[in-house]
Amino acid sequence: SITISTAIKKIKREALPEIYFYHHAIPSKNLVSRLVYIFLSKLLFLTNKKTKLIASTNSIENKKFAIFLGTNLEIVAIPIPEIKEEYFEKEHLKNDSNKELIDKLFSKKNKEYYFFTYIGRIAKYKGLINLIKTLPLIKKNIFLLIAGNGPISHKIKKIINRFPEKLQKRVIFIDRYINETEKYKILEISDVFIFPSITKSEAYGIMQLEALYMGLPLINTNLGTGVNIVAQECDHIITCKERNSYLSLANSINDMEYRLTSSKYKFSREKIKAQVMNLYSN
């Protein structure tokens, strides 16, 4: 619609508007959608020279797209919203399953066990089926917390229910929309954030920055997109090399548990948050 309206204005010799074209990702699943997106984008930039291309990361894909369009790429960081100090306790989760584990999550005062958390859309491309399948393979002191809703919520529940009761008790699945206050409180009381997406349609991953801002170490997957630019492998970030393998993801989870307990890896919540804030200031 923007391309057509711009073309009509040009035909009528009317003043063209300044357009900010925010490029998230070229469609990767459907060839027709991909070709239409590329063709109309090129046409828009040819028609209106006032169009500016902006993106959240300077990834290889974004650079190539800018060259194809014959324009410069401007990077605009997505800001982290202000964290509101509102009342939030475990009673807010009282209607969610696994109340015993929720009590443990809120009352934790030692490092005998760890909560590895995912918050976001419950969709196939997020890699959550792989995450659930890691349960029998990860260490017994690791619990999974998954929060959000989406089209495969029912499938996630089915997979969880197939496990023996002992394994089911190591998962909290909060199957509903999580508001901002709940999100940051859950991050605050978690130990690690997992971002297990499996397709290149995951172009950035703002939840990674929000988790790092809260001082959480992170596990992501090797997508070759902005996901791996804003959160690059280091002491407190593990990038799972095989993006669609629950075996590889399980190894990464166990590796992170080792890093949490080993003196070899020196990181803390304060240090992680300071590094993220430094990234924003630059």
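Which residues gather in a patch of positive charge on the surface? In this predicted model, where local features need pLDDT of at least 70, side-chain atom pairs count only at pLDDT 80 or more, and totals for chains, interfaces and linings use all residues, the patch is formed by Lys124, Lys133, Lys155, Lys158 and Arg162. Residues are numbered from 1 along each chain as its sequence is written, and side-chain values use heavy atoms, with hydrogens and water left out.

**Positive patch**
- Helix H6 (residues 153-162) supplies the largest share of the patch, three residues, helices being DSSP runs of H or I with at least four residues and strands runs of E with at least two.
- Lys124 sits in the loop between strand E4 (114-119) and helix H5 (128-133), and its relative accessible area of 61% makes it exposed (exposed means over 50%, buried under 20%, partly exposed in between, with a 1.4 Å probe and protein chains only).

**Aromatic pairs**
- The whole structure holds ten aromatic pairs, defined by ring centres within 6.5 Å, with planes under 30 degrees apart counted as stacked, over 60 as edge-to-face and the rest as tilted.
- Tyr113 and Phe115 pair edge-to-face, because their centres are 6.2 Å apart and their planes stand at 85°; Tyr113 is buried at 13%, as is Phe115 at 0%.
- Tyr118 and Phe193 are stacked, at 6.5 Å centre to centre and 25° between the planes, and the pair ties together strand E4 and strand E7 (residues 192-195), parts that are 75 residues apart in sequence.

Conventions: Patch = residues over 30% accessible without salt bridge, like charges linked within 9 Å, V, L, I, M, F, W, Y side chains within 5 Å. Areas by Shrake-Rupley, 256 points an atom, 1.4 Å probe, with all protein chains shown as cover. Salt bridge = Lys/Arg side-chain N within 4 Å of Asp/Glu carboxyl O. Lys, Arg positive; Asp, Glu negative; His and termini not counted. Charge placed at Lys NZ, Arg CZ, Asp CG, Glu CD. Phe/Tyr/Trp six-rings, centres within 6.5 Å; stacked < 30°, edge-to-face > 60°.
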